[in-house]
Amino acid sequence: MKFLLITVCMFTMAFFFDPWTPLIFCVGVLLLQVLFSQVDWKKWTLFMIPFFITAFGYFWTTLVFAKESSGPIIWSIGSVGVTEIQLDHALSLSFRVLAFSSLSMLFALTTNPVTFILSLMQQLKLSPKIAYGILVGFQFLPVIKDEFIQIQQAQRLRGMFQKKNALQRLLASRLVLIPLLAGAVRKAERSAFAMEARGFTGEPRSSFFRVITVGKVDALLVALFLFVLVLSCTNTFWLS
């Protein structure tokens, strides 16, 4: 339900080009996160730093290199005159980046991956082959990280010290990636054989041990998001 709701919100935001609609929507999403979620705001801030930089980059480059420069000049940046149309375009692009990124962070930081995949299987009829493949790959990530560290430590014990030059480190990374990928392929094959041995065929299932249902909390979430979406999309009526 959350995935479909966020997808609808993103597609709706894509059709609005004024600066106020994404700004109001971004503020509304942040308020929902503050009031109804338990987000680690330190982690949220760290993850949002690249998006803030991207939004500022869109804002600055649109002001300086915009093709549409007609209209009265509001203010100047050195020898560059900024018109109202340029400012609206720059604010619109930067606020759209923040609106989309805030939605993405809301989904990423408040969603359990296993519950999400099970919900896709039960409610959207996702193929079990794809679903379990994603789950196995997700479970392999910490294992691959540990193996990467072990391979690096083993190579250092054998006298392969880390290069100081960035280009040399990049070229030397293949000495770690090749055995890492080989080990990952072997683990994937063993996992596939184990699943087949336990009767996994990839056919659609009619029953599940853990059933994911849509409840009152989901309905409340839909209502709140639709309220924020409608409020932001109709800002021209109540702001004028």
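Tryptophan 41 and tryptophan 44 both belong to helix α3, where they stand three residues apart, about one turn of the helix. Helices here are DSSP runs of H or I with at least four residues, numbered from the N terminus. The model is predicted: local features need pLDDT of at least 70, side-chain atom pairs count only at pLDDT 80 or more, and totals for chains, interfaces and linings use all residues. Residues are numbered from 1 along each chain as its sequence is written, and side-chain values use heavy atoms, with hydrogens and water left out.

Tryptophan 44 is buried at 10% relative accessibility, whereas tryptophan 41, at 32%, is partly exposed. Buried means under 20% relative accessible area, exposed over 50%, and partly exposed in between, with a 1.4 Å probe and protein chains only.

## Aromatic pairs

A pair of aromatic rings is described by the distance of the centres and the angle of the planes. Rings of Phe, Tyr and Trp (its six-membered ring) pair if their centres lie within 6.5 Å; planes under 30 degrees apart count as stacked, over 60 as edge-to-face and the rest as tilted. By this rule the count is four aromatic pairs. In one of them, the rings of phenylalanine 3 and phenylalanine 107 have centres 6.2 Å apart and planes at 55°, so the pair is tilted. Because phenylalanine 3 lies in helix α1 and phenylalanine 107 in helix α4, this pair ties together parts that are 104 residues apart in sequence.

Phenylalanine 3 is partly exposed, at 38% relative accessibility. Ring pairs also link Phe3, Phe107 and Phe116 into a cluster.

## The largest nonpolar core

A nonpolar core is a set of buried Ala, Val, Leu, Ile, Met, Phe, Trp, Tyr and Cys residues joined through side-chain atoms within 4.5 Å. The largest has 24 residues, of which Cys9, Phe25, Val29, Leu98, Leu103, Phe225 and Leu229 touch the most other members. At least two residues of this core come from each of α1 (2–13), α2 (20–36), α3 (41–65), α4 (84–109) and α9 (216–233). The largest share, seven residues, is supplied by α4.

Beyond its neighbours within four places in sequence, leucine 103 is in contact (heavy atoms within 4.5 Å) with Ile6, Cys9, Met10, Phe25, Val29 and Phe225.

## Cysteines

The structure holds zero disulfides, a disulfide being a pair of cysteine sulfur atoms within 2.5 Å. The sulfur of cysteine 9 is 8.6 Å from the closest cysteine sulfur, in cysteine 233, too far for a bond. Cysteine 9 is buried at 0% relative accessibility, and cysteine 233 is buried with a relative accessible area of 17%.
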